[in-house]
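Work through the following exercises with the model open. Each task is followed by a solution in steps.

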Amino acid sequence: MNDALVSINGNGVQTLEILALLTVITLLPSILIMMTSFTRIIIVLSLLRNALGLQQTPPNTVLIGIALFLTLFIMSPVITDINENAYQPYKNEEITQQQALEKASVPIKEFMLKQTKVESLEVYLDFAKMDKPKNLEEIPIHIIIPAFMTSELSRAFVMGFLLFIPFLLIDIIVSSTLMSMGMIMLPPVMISLPFKILLFVVINGWELLFTTLVSSFNM
């Protein structure tokens with residue numbers, strides 16, 4: 001039995017294609033988080049805010065916006081590849097939907113595998129009871145995604161730890177100075193916070209952080 005068609009702008013569209021499109025739109029936030037650079041960026045930005053001792057500055061909406069646009073910048077080669085080799089041929093009816101999905105998955109898998117630690121990949125291959133393939137492109141995407149997420153979380157927390165060190169030193173110095181002066185009742189945070197902000201501004205911290213984040217995906 002043929003699939004039912006729905007008329008859109010005078011063109012017949014299969015209902016299955018509409019359902020697939022709605023499913024992709026629904027899962028788009030999860031896809032963005034799980035399969036792109038978004039996770040590492042948002043975690044590092046959040047840890048930086050905690051290292052500075054700021055509670056809601058920058059606010060969450062600003063951090064998410066920064067992470068989103070940095071993600072679009074980092075993922076632009078992958079998006080271009082998908083558009084040229086998968087979407088445009090499918091739009092021009094040169095390939096089928098299944099072929100378009102297969103072609104679209106190639107650059108995404110290459111990006112994730114490039115950022116995935118071998119140890120993490122081997123762990124999930126063992127969980128799935130699969131032998132390590134000779135060609136990494138043969139690894140199913142449902143194994144690559146959790147391995148990629150594990151690697152991203154690990155790298156994000158390492159970067160966050162390194163960000164904490166200089167600000168932690170400032171907190172220690174300020175606390176020691178206040179105690180030596182007998183100013184025990186004065187909260188050290190009130191004194192250290194301006195110095196941490198000043199340090200971050202003097203070293204052009206935002207540009208340095210963004211440059212480091214972008215370059216970390218090109219290694």
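**Exercise 1.** What covers the buried residues of helix 6?

Solution. The model is predicted: local features need pLDDT of at least 70, side-chain atom pairs count only at pLDDT 80 or more, and totals for chains, interfaces and linings use all residues. Residues are numbered from 1 along each chain as its sequence is written, and side-chain values use heavy atoms, with hydrogens and water left out.

Step 1. Helices are DSSP runs (H or I, at least four residues), numbered from the N terminus; helix 6 spans residues 118-127.

Step 2. Ser120, Leu121 and Leu125 of helix 6 are buried (buried: under 20% relative accessible area; exposed: over 50%; partly exposed: in between; 1.4 Å probe, protein chains only). Seen down the axis of helix 6, these buried residues fall within an arc of 135°, so they line one face of the helix. The arc is taken from the directions from the helix axis to the C-beta atoms.

Step 3. The cover over the buried residues includes helix 5 (97-115) and helix 7, where contact means heavy atoms within 4.5 Å.

Step 4. Glu119, Asp126 and Phe127 are exposed on the other side of helix 6.

**Exercise 2.** Classify the ring pair of Tyr124 and Phe127, then that of Phe167 and Phe200.

Solution. Step 1. Rings of Phe, Tyr and Trp (its six-membered ring) pair if their centres lie within 6.5 Å; planes under 30 degrees apart count as stacked, over 60 as edge-to-face and the rest as tilted. The whole structure has six aromatic pairs.

Step 2. The ring centres of Tyr124 and Phe127 are 5.8 Å apart and the planes stand at 85°, so this pair is edge-to-face. Both residues lie in helix 6, three residues apart. Tyr124 is partly exposed, at 24% relative accessible area, and Phe127 is exposed, at 63%.

Step 3. Phe167 and Phe200 form a tilted pair, with 6.4 Å centre to centre and 50° between the planes. Phe167 belongs to helix 7 and Phe200 to helix 8, so the pair ties together parts 33 residues apart in sequence. Phe167 is buried at 4% relative accessibility, and Phe200 is buried at 8%.

Step 4. Ring pairs link Phe167, Phe200, Trp206 and Phe210 into a cluster.

Terms used:
Helix = DSSP H or I, 4+ residues; strand = E, 2+ residues; numbered from the N terminus.
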